[in-house]
Amino acid sequence: VSCSRGCPLWCTRHRLASWHLAMSSPTCAGTRAAFALLLALAGVQTVDSQSVGASWAGVNSFFLHAIPNNGTASEPGLQAVYLDRMKAAGLKVLRIFISATPADYKKSGSHAVNDLETDHVGEPYDDTILDMIDDLMVETHSRGIKLDIAMHDRYALGCWSVDGYVTTYNLPNGCCKCDTTINQPSAFYVDPSIQQAFDNRLTHILNHPNPHFQNRSWSQLSEAILSFAPENEAQGHLNSIDWGWWCRRAQIIKKHVGTSGILVSTGGSIDMPTGLWPQLYFCPELDIVDLHTYSVDAAYIEQQMRIAATWAVHQGKRLRLQEFGVQSDDWTKSQALGPIMVGMNQMGVPFTPWELVKPANNKDFEFWTSRTTPTNGFMWTDLSKGAAAALTVAAPFSWPEIASSGPGTPKGDWLFCTINAECANGCCSVEQSTSDGRYKCTPGGTQCTGNLLSAGTLCTRDSDCANSCCSKQYSSRHVCTDGGTPSQCGNAVQGNGQSCAANADCVSGCCEASTCVAHGQPDQCSGAGGQRRLFTI
């Protein structure tokens, strides 16, 4: 039976793309649905089995827990003003960090607050910051806003500030001008004793009881918390990276949140390329891959995000553009960031710009909500419009944790798409995109494959690729490879029990004595032959 004729149950050709073409034909709708069900029962993720839902928008205001909230009913405190305006704008998520900030930080009127481990590591922890966040949680929850919590900040490791890990373990200190030629704290991410101490920190935070929620631990407060990340921009600006670190920390977090409904995320890359590493998308305990960028090239960001979206769909993950911004006046912020928000809404990727602070700073990243001067308020207006639009259109990722993020309206003909289910016509195809080569909701399409990647594009598995071969046969990393030898096409990351040379090679993030192992202890995950191998950037 030919792959290109009729609706075959079995295909004589061996290439996955041919199966895609046959099964994506409109005449194969019933069989395609049956196959999707069988594959789902078998634990195989397909494009059409990915859930569809509306997107959302939020904002970074990473020390809002330290902003005073001592107002009255007639004159709310400043923290309440932030949150009331977020609610009115339709923003659904607030991102904060568990890290020290000084008094009146960025002239905001904030209280000084220490980190859990400001001058030492481990017990006794200083829970003052957690208590502040307990109070913030009440305020956000009452307004239908959820928290995205980074449980540590990479830049407290001797970059912009110094915490107990720097002083206790004598990490290279480039504070406080963030001199990364000096500040290379790689030991924080690879030393077994430091990893164990940091895992203890994560456990302490997750077990912290909130008195406003019947003393339930944070790990179970899914009504108030959307997601935890172990650290903001972990391993940012290091010369060498242990790509398995995120997965090993995610295992600790997931063990505590269990089935509560709280998600586990990466906490962000330093740019788009560092958000495109296969291990992050394979790790079973990571639910969300967070991408950060301070580029203002909207087309470039969208192009990179389409690669990430294809990976995420095929690996059953979700994406966020968790940080983006520009150091400029408010009008320039709106002109630079507005197109990025439009692009993310076209793709159905949630976004949280950096950052909401009063007062706005026309020479830095901070913006505020109102036009306190004739040149302010434009960014907030654009963000509010973007937030409203995010909740309306079908996206390739569903967010049932966001109560107001419903199914979304299916996309009309010729709108950009990633999966068939986004489209009212049921066909996400590139077959008629002769001018730009982008996947669109295609009326009458016969090659409804969903977004597939072209030759030479980074990939995680064969199903990412239009040519059905993800290989590093001719390159240093796995790319979609024309004419690749079938035996060398496959997954970019190895399963448990398979051979490895580095932690990044393994689904679990742990390579012990040249073999991928599940849930390895910090002193086990040392790569091939007991030597810890890092990837040089």
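Visitor: Which residue of E3 is the bridge partner of glycine 58?
Guide: Keep in mind that this is a predicted model. E2 and E3 run parallel, and 3 bridges join them. In the bridge that involves glycine 58, the partner in E3 is valine 93.

Visitor: Which strands stand at the edges of that open sheet?
Guide: The sheet is built from 5 strands with parallel pairing, in the order E2-E3-E4-E7-E9. A strand at the edge has a single partner strand, so one side of it is left without a neighbour in the sheet. The strands in that position are E2 and E9 (263–264).

Visitor: How far apart are the end C-alpha atoms of helix H3?
Guide: H3 covers residues 78–89, which makes 12 residues. At 1.5 Å a residue the helix should span 16 Å, and the model agrees with that. The end C-alpha atoms are apart by 17 Å.

Visitor: What covers the buried residues of H3?
Guide: Start with the residues themselves: Gln79, Ala80, Tyr82, Leu83, Met86 and Ala89 are the buried ones in H3. An α-helix has 3.6 residues a turn, so residues three or four places apart point the same way. The cover over the buried residues of H3 includes E2 (58–60), E3, H4 (128–142) and H12.

Visitor: What kind of aromatic pair do phenylalanine 97 and tryptophan 354 form?
Guide: They are one of 22 aromatic pairs found in a search of the whole structure. Their centres are 5.8 Å apart with 40° between the planes. Planes under 30 degrees apart would count as stacked and over 60 as edge-to-face. That leaves this pair of phenylalanine 97 and tryptophan 354 as tilted.

Visitor: How many residues apart in sequence are the parts that phenylalanine 97 and tryptophan 354 tie together?
Guide: Phenylalanine 97 is buried at 2% relative accessible area, and tryptophan 354 counts as buried at 11%. The phenylalanine lies in E3 (residues 93–97), while the tryptophan is in the loop between H11 (330–347) and H12 (378–390). Their pairing therefore ties together parts whose separation in residues is 257.

Visitor: Phenylalanine 324 and phenylalanine 351 pair up too, so what is the angle of their planes?
Guide: Both of these phenylalanines are buried. Their ring centres lie 6.3 Å apart, and the pair is edge-to-face because the planes stand at 75°.

Visitor: Which residues do ring pairs link into a cluster?
Guide: A pair of aromatic rings is described by the distance of the centres and the angle of the planes. Here ring pairs join up into a cluster of tyrosines, phenylalanines and tryptophans. Its members are Tyr165, Tyr169, Phe188, Tyr189, Phe198, Trp243, Trp245, Trp246 and Trp277.

Visitor: What is the handedness of the link of cysteine 417 and cysteine 428?
Guide: The structure holds 12 disulfides, and one of them joins cysteine 417 to cysteine 428 at 2.1 Å from S to S. Cysteine 417 counts as buried at 1% relative accessibility, and cysteine 428 does at 0%. With 100° about the S-S bond, the link of the two is right-handed.

Visitor: Where do cysteine 459 and cysteine 470 lie?
Guide: They form a disulfide with the sulfur atoms 2.2 Å apart, and both cysteine 459 and cysteine 470 are buried. The pair ties together parts that are 11 residues apart in sequence, so look at two places: for cysteine 459 the loop between E14 (440–441) and E15 (470–471), and for cysteine 470 strand E15.

Visitor: Is cysteine 500 buried or exposed?
Guide: Cysteine 500 forms a disulfide with cysteine 511, the sulfur atoms being 2.0 Å apart. The cut-off for buried is under 20% relative accessible area. At 9%, cysteine 500 is therefore buried.

Conventions:
Residues numbered from 1 in each chain as written. Predicted model: local features only at pLDDT ≥ 70, side-chain atom pairs only at ≥ 80, totals over all residues. Heavy atoms only, no water. Phe/Tyr/Trp six-rings, centres within 6.5 Å; stacked < 30°, edge-to-face > 60°. Helix = DSSP H or I, 4+ residues; strand = E, 2+ residues; numbered from the N terminus. Buried < 20%, exposed > 50% of the residue type's maximum accessible area, 1.4 Å probe, protein only. Expected span 1.5 Å × (residues − 1). Contact = heavy atoms within 4.5 Å. Disulfide = S-S within 2.5 Å. Pairing = 2+ DSSP bridges.
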